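Welcome, and thanks for opening the viewer. Here is a short tour, one selection at a time.

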Amino acid sequence: MKERLLYIDVLRGIAILTVVYSHILLFCVGYSETSFMTDLLRKYFLNAFFFLSGFMAYKKSPSLILYQTGYFHELWKKVKQLLIPTLVSGGLYCVYCAGNPYAFLADGAKGGCWFTIALFIMFVIYLIENLTLKWIKNEYAQSIVLFIIAGIVYCWHKTAMSETGWANFLCLGGVSYYFLMFTIGVLCKKHIEVFHKFLEVPLAKTCIFLTVMVGSLVDYVPLLITNVAVVLLVYFLVKDICTSEFDNNLREIDANPYKQWVYKGL
């Protein structure tokens with residue numbers, strides 16, 4: 001599908017602005033204290049990035065697309081998009097600051113650039129899943145297997161192995177923690193009609209909102225559940241706003257060059 005989804009672009013934009021806001025507080029202003037709003041935003045941006053990455057990684061007919069382009073072609077595309085730029089820029093930075101690129105590789109956070117390496121590994125895992133789970137014809141059974149695999153990877157994060165030296169080289173701490181969000185994004189896109197119908201149920205919206213509020217104010221709700229609820233809350237709010245307002249205002253925007261320039265700029 002070549003058509004861009006407006007609400008997905010908006011969700012990504014919100015995540016980017018949240019990253020900028022959070023990093024300015026931490027590294028520029030040096031503001032170590034936190035607040036309810038800052039914590040809420042931080043619960044969104046990383047989880048949303050991986051959720052949206054999984055959401056966009058899913059293709060309706062992955063076997064046909066991968067058959068036409070090839071698994072190695074898809075893998076090489078991700079190498080060029082994610083891996084090479086990160087390793088080159090990170091390696092040069094560490095040569096300049098630490099005198100050798102090894103410091104970049106050995107650092108589990110990769111100087112803050114762990115995200116793209118972790119995302120690359122997630123895509124590799126997802127390609128392997130597509131290759132090995134083709135024998136499961138029922139899409140719901142396949143989704144259950146994908147979710148179980150993501151759950152096992154998340155449980156591995158709770159072990160000491162996620163903090164070893166070799167795990168730091170591959171950013172497996174971040175991979176194991178956020179791969180579940182990536183998979184949830186894949187499953188939501190795979191069953192998007194069911195997913196959207198679920199979000200239209202008033203009781204479901206109420207439960208998501210209450211989970212966000214309670215989970216953000218007290219420690220009784222597991223952090224993972226709160227993170228998922230925050231992402232879903234922002235998702236359905238932005239989607240409802242974009243799909244209702246965009247159709248009504250699209251003709252007016254196209255007819256006015258100035259509004260079109262402002263709209264595209266934003």
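Which residues make a nonpolar surface patch of about 670 Å²? To see them, keep in mind that this is a predicted model, then select Leu87, Tyr102, Leu105, Met161, Trp166, Phe169 and Leu170, which form the patch together. Now colour by helix: α5 (102-106) and α8 (165-169) are the elements that give two or more residues to this nonpolar patch. Tyr102, one of the patch residues, is found in helix α5.

**Next stop: helices α1 and α2**

Select residues 6-29 for helix α1 and residues 36-57 for helix α2. The two pack with their axes 9 Å apart, at an angle of about 140°. An angle over 145 degrees would count as roughly antiparallel, so α1 and α2 are oblique to each other.

Pick Asp9 and Arg12, which both lie in helix α1. They are 3 residues apart, about one turn of the helix. Asp9 forms a salt bridge with Arg12, and their closest N and O atoms are 3.9 Å apart. Side chains of opposite charge can pair when their charged atoms come close. How many salt bridges does a search of the whole structure find? The search finds 2.

**Last stop: helices α6 and α9**

Finally, select residues 114-132 for helix α6 and residues 172-190 for helix α9. These helices pack at an angle of about 55°, and their axes are 9 Å apart. That angle makes α6 oblique to α9.

Key
Residues are numbered from 1 along each chain as its sequence is written. This is a predicted model: local features need pLDDT of at least 70, side-chain atom pairs count only at pLDDT 80 or more; totals for chains, interfaces and linings use all residues. Side-chain values use heavy atoms; hydrogens and water are left out. Axes are lines fitted to C-alpha atoms, for helices over the stretch in contact, and angles run from 0 to 180 degrees between N-to-C directions. Helices (H or I, at least four residues) and strands (E, at least two) are DSSP runs, numbered from the N terminus. Angles under 35 degrees count as roughly parallel, over 145 as roughly antiparallel, 65 to 115 as roughly perpendicular and the rest as oblique. Patches are made of residues with over 30% relative accessible area and no salt bridge: like charges are joined within 9 Å, nonpolar side chains (Val, Leu, Ile, Met, Phe, Trp, Tyr) within 5 Å. Accessible areas come from the Shrake-Rupley method with a 1.4 Å probe; for residues, only the protein chains shown count as cover. A salt bridge is a side-chain nitrogen of Lys or Arg within 4 Å of a carboxyl oxygen of Asp or Glu.
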